[in-house]
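Good morning. Please look at the screen.

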Amino acid sequence: MNLDPEFLRELFSALNKGLFVSLQLIIPSALLGIAIGIVVGIVRVYGPKPLRTVADGYVALFRGTPLVAQLFMWYYGLPNLGIMLSASAAAIVGFGMCSGAYHSEYIRGGLLSIKRGQLTAAQALGFSPVATIATIILPQAIRRALPGCGNEIIYLIKYSSLAHLVTCLDLTGEAYGMAARTYEFTAVFLVTGAYYLILVSLATILLARVEQSLSLPGFERKRGPQ
Amino acid sequence: MTDSPILGAANITKRLGGKTILDNVSLRLDKGDLKVLIGPSGGGKSTLLQCLNLLILPEKGQISLEGRDIHPRNKRELSSFRQQVGMIFQDFNLFDHLSAFENVRIALIKVKKLSRRAASERAEQELARVGLSDKGGLYPAQLSGGQKQRVAVARALAMDPKVMLLDEPTSALDPELIGEVLAVIKDLSLAGMTMLMATHQVGFSAQLADEFMFMDQGRIVEQGSPKELLVPGTRTQAFCSKITELAGEVPG
Ligand SMILES: Nc1ncnc2c1ncn2[C@@H]1O[C@H](COP(=O)(O)OP(=O)(O)OP(=O)(O)O)[C@@H](O)[C@H]1O
Ligand SMILES: [Mg+2]
């Protein structure tokens, strides 16, 4: 393994650049995914039949096909319809749409776990259906869905490494470049792996903080049996 | 000519799953009335109470509030109607993510559109009224059943309802907690609140109720003051003595 300082400096500078690009893909696509997940989750539980069918179809499609194929469709397929996405836009849309399908599953489970009586009670107080969902049901459903959604964000960080397949020079993209130039595959990908590990660890800590801050009596972080 | 009732129901019919659950039920609640619905399980008490609040829409019949017919298709009218009809449920149905105080306050802010300050003041008052001033910060998961039900009562009262519908408010409670909820209901009744309550607490009801309505198979089959109905030969009497016997309670 090459530990030459010149090589290491070059490696870290490339990976840092890639890290910055990766973050610019991960953060927007995580937010996009959550937003899609919430909307689709609500539609799947409370939406009118035709919309529900569309939402179920979306989830089946995006969970049922490889992410690589989805990314290629966004980047190479859409121009056939006259829609050109930049590489990073294709990656963000691709990750967000895929992630949203999974998030919607967790949100749906969260919504279904809320006892129907609370909906009835809200209606009896004069809440409209929309206000009931927004102020009573969703805040509880999100708390219940949080562990699952957190997991999905961890996955997203790792599958963001597919962005180089649509020409984004993300962390993995830069790593490939380095490895191809220097043939130091082992060294390069060991360090790259460590970068992802640190990213995932930071995200885990952040997500635990969020869970902690949203924790309420009756909505505690679940621990295993004592 | 009599005054319009606070809450009126005329010829309510409700069918569910091919079965007639409510069969042409009519009733009226006048100012300050406490009327009690009793009868065997499955007789239609819960369904009737939910129809009265239009949580379930009957196929036939008319609900009126202070003489004004309610049109459930009109969303605004429906919301305003429901705000004026308080509802108490057997299993409390508190909002689990909100503290007791927030449970009482939320509809004041989101539905009645009061300022946070006015809503908070009102919520404090209502919690005090049910004896829970010191429990406002606790969440449903931290409250006993009796406390939960009292929060639910405070939540309904905060909306200034003209009438309260109570569906077996003490049935889900441990025996030692029933008293505190009944005490709140008694206070309310003595303060002049108009109420309709389904309950198996026949002793309590016999003392306080203006009228018993005995429901079976979707109809009110007997109706009258406790004095009139708690005499040998009525179904009400037979039903009540069976309940008190089972509960080991002395008929009151
Ligand atoms: N959604 C529904 N579909 C079909 N039947 C229903 C439905 N809801 C209630 N019922 C039936 O309606 C009848 C009346 O039920 P309801 O809950 O109003 O009775 P109840 O008098 O409140 O009984 P309980 O004392 O057990 O609370 C029952 O036979 C019940 O099975
Ligand atoms: Mg019932």
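Buried here means under 20% relative accessible area, exposed means over 50%, and partly exposed is in between, with a 1.4 Å probe and protein chains only. A:Thr120 has a relative accessible area of 16%, so A:Thr120 is buried. This is a predicted model, where local features need pLDDT of at least 70, side-chain atom pairs count only at pLDDT 80 or more, and totals for chains, interfaces and linings use all residues. Residues are numbered from 1 along each chain as its sequence is written, chains are lettered from A and ligands numbered from 1 in the order in which they are written, and side-chain values use heavy atoms, with hydrogens and water left out.

A:Thr120 sits in helix H5 of chain A; helices are DSSP runs of H or I with at least four residues, strands are runs of E with at least two, and both are numbered from the N terminus. Leaving aside residues up to four places away in sequence, A:Thr120 touches B:Gln50, B:Leu55 and B:Phe89, where contact means heavy atoms within 4.5 Å.

Now the rings. Rings of Phe, Tyr and Trp (its six-membered ring) pair if their centres lie within 6.5 Å; planes under 30 degrees apart are stacked, over 60 edge-to-face, the rest tilted. That gives nine aromatic pairs over all chains. One of them is A:Tyr75 with A:Tyr76, edge-to-face, at 4.8 Å between centres and 70° between planes. A:Tyr76 has 45% relative accessibility, so it counts as partly exposed.

Another pair is A:Phe127 with B:Phe95, edge-to-face because the planes are at 85°, with centres 6.4 Å apart. Both A:Phe127 and B:Phe95 are buried.
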